[in-house]
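Please load the model and keep the sequence alongside.

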Amino acid sequence: MLAGRPGRSGRMPGFMKVCKPPANWVFLPLMDAKKAPPSVVLGVAGGIACYKSVELVRLLVQHGFAVRVVMTREAAEFVTPLTFQTLSGRPVATEIFSLTQESEIGHINLADQADVFVIAPATANLIGKIAGGIADDLLTTVVMATQAPVLLAPSMNVHMYENPILQENIRKLRRVGYHVMEPADGYLACGYEGKGRLPEPEQIVEEIRRLLKKKDLAGEKLLITAGPNHEPLDPVRYLGSRSSGKMGYALAQVGLRRGAEVTLVSGPTTLPLPQGAKVVRVGTAAEMRAAVLKEFPQATVVLMAAAVADYRPERIAPHKLKKTETTIHLTLKPNADILKELGAKKNGRMLIGFAAETEELVANAKKKLREKNLDIIVANNVAEEGSGFERDTNIATLLDRTGSVQPLPLMTKEELADRIYDLLLSLKNTKERSAV
Ligand code: CTP
């Protein structure tokens, strides 16, 4: 039996019935649990990068998308439909003139049920066909019939990618509203090095999430700080904190998805950079302050998620400190409070601070909100299980300048970023309404 679209049909997703996910999979909450999961129709064209589309399906399912795969005949030469069917938990469509497939799935039904239509890999041939308005197989027919946003992830030999006909086809597709990703640079299966690799599945998932988000932060210029500071003691050692930067990076990622321009001033982290953000890397608190003050005039909103170092060593030894038998005494000097400085000259900008506390959460956060002249403060008890440094989740309380205190349950840092932006927009709307 054909699995219905979860939520719309009211039935259990076919995936749940067909096979159980491995026990070690973490399902990342992507959307409101009561809403139907967004539906991705994934078109797979015949290129060697098909094997990466398998990983893409796995990631999409893990992120909570309902995935339906449409393959060209050529794609089925590289990877069998059974592989995609097993991972997506849904029948795979390959043939337009198949009586069984057409009656069970139907090409117009496929086109209609997509919230996003993704083609990965998109070969030169397929791009040419779509740009030329040709619909001579199932995949090209469904793409032509869909009204969902279409995202193409090209993959081909570097010379094919540079071919002016292919480039003209891509320009044409972009002109009429198709989204075409840039292929990655690197080693190609044909033996060449260059541009033509399929973008990594994680990047494709991120593009899909961006296409699905409402662009309610369009026009906002977010200045976000993230991560720790490293305050050097000598050429090899520093004082630092356990901050991973995950909250600031989540704010950047979600801000970009919601249509904002993002400048990320990042302390030392090992996190992948959010695609589309302007990133300024810094080490010390003084460097962070300089970068923030430089970017501040252009910003409409500042989110200080960085764990700014409050102190630095008074003296940085020019050479590595040698080991001795005696106790070492360090003298620390205070660093400037960046957020307090911004609060004194905010001039209509929205300022959002973070309060990492281990006791008296609300009282301490309220004090910081007032003293630093903030609009919102995100308070969290870093000692609490599920909260704080180095984690993907947080348990926060949102406090704002109107006096409201909103304790939130355990959620991912990306979900928390969404809640912070929701509050920011509602404060902005109230401000604009009262100004009228
Ligand atoms: N902050 C800042 N500059 C500093 C210290 C903190 O801009 N030198 C910012 C942080 O980025 C955060 C907010 O101020 O958004 C609160 O930081 P937190 O470390 O919780 O508080 P502090 O003001 O440093 O006070 P304390 O350490 O005593 O709790």
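Which residues does Thr 397 touch, not counting residues up to four places away in sequence? They are Leu 361, Ile 377, Val 378, Ala 379, Val 405, Gln 406, Pro 407 and Leu 408. Contact here means heavy atoms within 4.5 Å.

Some ground rules come next. This is a predicted model, in which local features need pLDDT of at least 70 and side-chain atom pairs count only at pLDDT 80 or more, while totals for chains, interfaces and linings use all residues. Residues are numbered from 1 along each chain as its sequence is written, and side-chain values use heavy atoms, with hydrogens and water left out.

Thr 397 sits in strand β19, residues 396–400. Strands (E, at least two residues) and helices (H or I, at least four) are DSSP runs, numbered from the N terminus. Thr 397 has a relative accessible area of 8%, so it is buried. Buried means under 20% relative accessible area, exposed over 50%, and partly exposed in between, with a 1.4 Å probe and protein chains only.

What pairs with β19? Strand β17, residues 376–381, runs antiparallel to β19 and is joined to it by five bridges. Two strands pair if DSSP finds at least two bridges between them. Within this pairing, Ile 376 stands opposite Asp 400. Strand β20, residues 405–407, also pairs with β19 in the antiparallel sense, over three bridges. There, Leu 398 has Gln 406 as its bridge partner. The hairpin of β19 and β20 has four residues between the strands, and in it Gly 403 takes a positive phi near 100°.

Tyr 311, Ile 328, Leu 330 and Leu 332 make a nonpolar patch of about 410 Å². Patches are made of residues with over 30% relative accessible area and no salt bridge; like charges are joined within 9 Å, nonpolar side chains (Val, Leu, Ile, Met, Phe, Trp, Tyr) within 5 Å. The areas come from the Shrake-Rupley method with a 1.4 Å probe. Tyr 311 belongs to strand β14, residues 311–313. Its relative accessible area is 49%, so Tyr 311 is partly exposed.

Charged pairs come last. Side chains of opposite charge can pair when their charged atoms come close. A salt bridge is a side-chain nitrogen of Lys or Arg within 4 Å of a carboxyl oxygen of Asp or Glu. The count by this rule is 29.

Take Glu 200 and Lys 52, which meet at 3.3 Å, N to O. Glu 200 lies in the loop between β7 (193–197) and α11 (201–212) and Lys 52 in helix α2 (residues 50–62), so the pair ties together parts 148 residues apart in sequence. Lys 52 is buried at 9%, whereas Glu 200 is partly exposed at 34%.

Asp 375 and Arg 401 have their closest N and O atoms 2.4 Å apart. Asp 375 is in the loop between α15 (361–371) and β17, Arg 401 in the loop between β19 and β20, 26 residues apart. Asp 375 is buried at 3%; Arg 401 is partly exposed at 36%. Elsewhere, salt bridges with shared partners join Glu 206, Glu 207, Arg 209, Arg 210, Arg 257 and Glu 414 into one network.
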